[in-house]
Amino acid sequence: MPTTTTSTKRGRPGYDQQSVLVIAVDVFNRHGYDATSMGILAENLGISKSAIYHHVPSKGDLLKLALDHALGGLEAILDQPQAQTGTAEARLEFVLRETIAVLVERLPFVTLLLRLRGNTEIERDALERRRTFDHKVAALVSAARDEGSLRQDIDPRTVTRLLFGTINSIVEWYKPGGSLSPEKLADDVITMAFNGLHIPR
């Protein structure tokens, strides 16, 4: 009876593409993407440069995978029903809460996204996707203002910049697993933002 064997392409034992990606993102964040060579990646992984190529064709492919992971999480928020139905205020709050959740869950990946300089086509494409996401959130701010949920005396563009400035700063100080849970963090950000934005009653 013939024996059937299945040939599966494997990388270096102990690593798969995802584990290589996680370490690469950490190295990119510590050294900067431009300053990180395949040699530095290999040193941090404890494998040869040629072994890395078992998992990805290039450093740029690692960057693209990382940015897709960050942006995919953000973009998926806008596809959820809670982001598409209901009052603009409720949709805005949902999107902001979910943005914080994605940021915390994918902290190293979002950190990398926020530190992009736009030096490569991959980076410029990612920045354009991020701008598209930001513009859609800005439209929600304007819609909530128009429906009378938010105060009229602050420009929606200023509100959007301040909201994202607050949320984006989380990557610089938040420590997952600490006393501040992601849910409490989101509650605190929403409370701070919306109590300052609601029309005084």
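Buried means under 20% relative accessible area, exposed means over 50%, and partly exposed lies in between (1.4 Å probe, protein chains only). Thr158 counts as partly exposed because its relative accessibility is 34%. The model is predicted: local features need pLDDT of at least 70, side-chain atom pairs count only at pLDDT 80 or more, and totals for chains, interfaces and linings use all residues. Residues are numbered from 1 along each chain as its sequence is written, and side-chain values use heavy atoms, with hydrogens and water left out.

**Confidence**

- pLDDT is the predictor's confidence in each residue, from 0 to 100.
- The protein chain has an average pLDDT of 89, and 90% of the residues score at least 70.
- Residues 1-13 have a pLDDT below 50; this stretch makes 8 contacts in the model beyond near neighbours in sequence.
- Contact means heavy atoms within 4.5 Å.

**Fold and dimensions**

- The protein chain has 10 helices and 0 strands. Helices (H or I, at least four residues) and strands (E, at least two) are DSSP runs, numbered from the N terminus.
- Along the sequence the pattern reads α-α-α-α-α-α-α-α-α-α.
- The protein chain is more spread out than a compact globule, because its radius of gyration is 21 Å, well over the 17 Å that the globule rule gives for 201 residues. That radius is taken over C-alpha atoms, and the rule is 2.2 Å times the number of residues to the power 0.38.
- The C-alpha trace spans about 75 × 50 × 35 Å along its principal axes.
- Among contacts with a separation of 6 or more, 66% join residues 24 or more positions apart.

**Surface and charge**

- Of the 201 residues, 39% count as buried.
- The accessible surface of the protein chain is about 11300 Å², and 52% of it belongs to carbon and sulfur atoms. Accessible areas come from the Shrake-Rupley method with a 1.4 Å probe; for residues, only the protein chains shown count as cover.
- There are 24 positive and 25 negative side chains, and the centres of the two sets lie 4 Å apart. Lys and Arg count as positive, Asp and Glu as negative; His and the chain ends are not counted. A charge is placed at NZ of Lys, CZ of Arg, CG of Asp or CD of Glu.

**Buried residues**

- Leu71 sits in helix H4 (residues 59-77). Leu71 counts as buried because its relative accessibility is 0%.
- Leaving out residues up to four places away in sequence, Leu71 touches Leu113, Ala126, Arg129 and Arg130. Leu71 and Leu113 are 42 residues apart along the chain, with their C-alpha atoms separated by 8.1 Å.
- Ile167 belongs to helix H8 (residues 156-168). At 1% relative accessibility, Ile167 is also classed as buried.
- Ile167 touches Leu96, Thr99, Ile100, Leu103 and Val189, again not counting residues up to four places away in sequence. From Ile167 to Val189 the C-alpha distance is 7.8 Å, across 22 residues in sequence.

**Partly exposed residues**

- Thr158 is in helix H8. The C-alpha atoms of Thr158 and Pro108 are separated by 27 Å, and the two residues are 50 apart along the chain.
- Ser37 lies in the loop between helix H1 (17-31) and helix H2 (38-45). Its relative accessible area is 34%, so Ser37 is partly exposed.
- Ser37 and Arg130 are 93 residues apart along the chain, and their C-alpha atoms are separated by 26 Å.
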